[in-house]
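Dear colleague,

Please find below the structure that I am handing over to you. I would ask you to keep it open while reading the notes that follow.

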Amino acid sequence: MGVPTLGCDCVVCTSTDPHDRRLRPSVLLRWREPKNGSGQADGREHTVVIDTGPDFREQALRNHLTRLDAVFYTHAHADHILGLDDLRPISFTVFREGRPIPLYATPETIAVLERIFDYTFSPQATYPNRARVQLHPLGDSAEACGVKFLRVPVIHGEMEISGFRFGRVAYLTDVSGIPESSFALLKGLDHLIISALRHKPHPTHATVEQAVSWAQRIGARQTWFTHIAHDLGHEQTNRTLPKNIRLAYDGLDLAVTL
Ligand SMILES: [Zn+2]
Ligand SMILES: [Zn+2]
């Protein structure tokens, strides 16, 4: 819901700690190619986003996002997709370079995106300024500019949705269960980003306790909790967590190995 949560004046929603202001969850991955074998990452910059929620525009502005090589979608709930239309100006730039922005999602997610953004995706769409984007059904993995994004199936209430692993990092949001077969895809991580909504049980999201136990089993060097409700204050919650598990926050910047 974002924090502050509309209509709420609890201690977290009224906190003055900037870490307690949370836009909807998303990840931006940026990397540079080595210039023809120089070994230095000084070549072209590549950018990939996972989910474009209702706050995508604000997040893109904060991070000076001017072009995008691909978007991956975890699932089609509003808080993960409703910023899709704000891809338009960036997609015009990318399209002038020669192609629409590829959007990777499962067939189930694609079906919802096609319905909600009918004026973008329908073969009959005539709206001239629609986003220059193209849906690609996601199988076990997809590649964007030479980086492999491995789909990690996770359970979200009654749905199976997509988490992603890229290099030594995994991003799993809206998790209420992890199939046994997905743990095998999560070995050897430097960073695990996983959702932990609150302490009180929820039908479609893990509690902090559940997320801590998965984090310990997965054993990443560092775990970051995301998709955090207003029940959890940043400082107070961090004091109670094991030392290699921390709440993520808006603007958190990590150096990762791809
Ligand atoms: Zn969801
Ligand atoms: Zn969500």
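Predicted model: local features only at pLDDT ≥ 70, side-chain atom pairs only at ≥ 80, totals over all residues.

Residues are numbered from 1 along each chain as its sequence is written, chains are lettered from A and ligands numbered from 1 in the order in which they are written, and side-chain values use heavy atoms, with hydrogens and water left out.

**The zinc site**

Donors are N, O and S atoms within 2.8 Å of the metal (3.2 Å for Na, K and Ca); water is not among the atoms, so sites may look incomplete.

The zinc ion (ligand 1) lies 3.4 Å from the zinc ion (ligand 2), and Asp174 coordinates both. Distant parts of the chain are linked here: Asp79 belongs to helix α2 (residues 78–81), whereas Asp174 is in the loop between β9 (169–172) and α6 (180–183), 95 residues apart. Helices (H or I, at least four residues) and strands (E, at least two) are DSSP runs, numbered from the N terminus. Both Asp79 and Asp174 are buried; buried means under 20% relative accessible area, exposed over 50%, and partly exposed in between (1.4 Å probe, protein chains only).

**The sheet**

An open sheet of 5 strands has the order β1-β2-β3-β4-β5, with mixed pairing. Its edge strands are β1 (27–32) and β5 (133–137), each of which pairs on one side only. Two strands pair if DSSP finds at least two bridges between them.

Strands β1 and β2 run antiparallel and are joined by 6 bridges; the partner of Trp31 in β2 is His46, and that of Arg30 is Thr47. On β1, the covered face consists of Val27, Leu29 and Trp31, and the uncovered one of Leu28, Arg30 and Arg32. In a regular strand the side chains alternate between the two faces of the sheet.

Strand β2 (residues 45–50) runs parallel to β3 (residues 70–72), with 3 bridges between them. Val48 has Ala70 in β3 as its bridge partner, and Val49 stands opposite Val71. Because 5 of the 6 residues of β2 are buried, this strand is largely enclosed by the rest of the structure.

**Cysteines and Ala206**

The structure holds 0 disulfides, a disulfide being a pair of cysteine sulfur atoms within 2.5 Å. For Cys10, the closest cysteine sulfur is in Cys8, 3.7 Å away and therefore too far for a bond. Cys10 is partly exposed at 24% relative accessibility, and Cys145 is partly exposed at 31%.

Ala206 is in the loop between β10 (191–195) and α7 (208–218). With a relative accessible area of 4%, Ala206 is buried.

Yours sincerely
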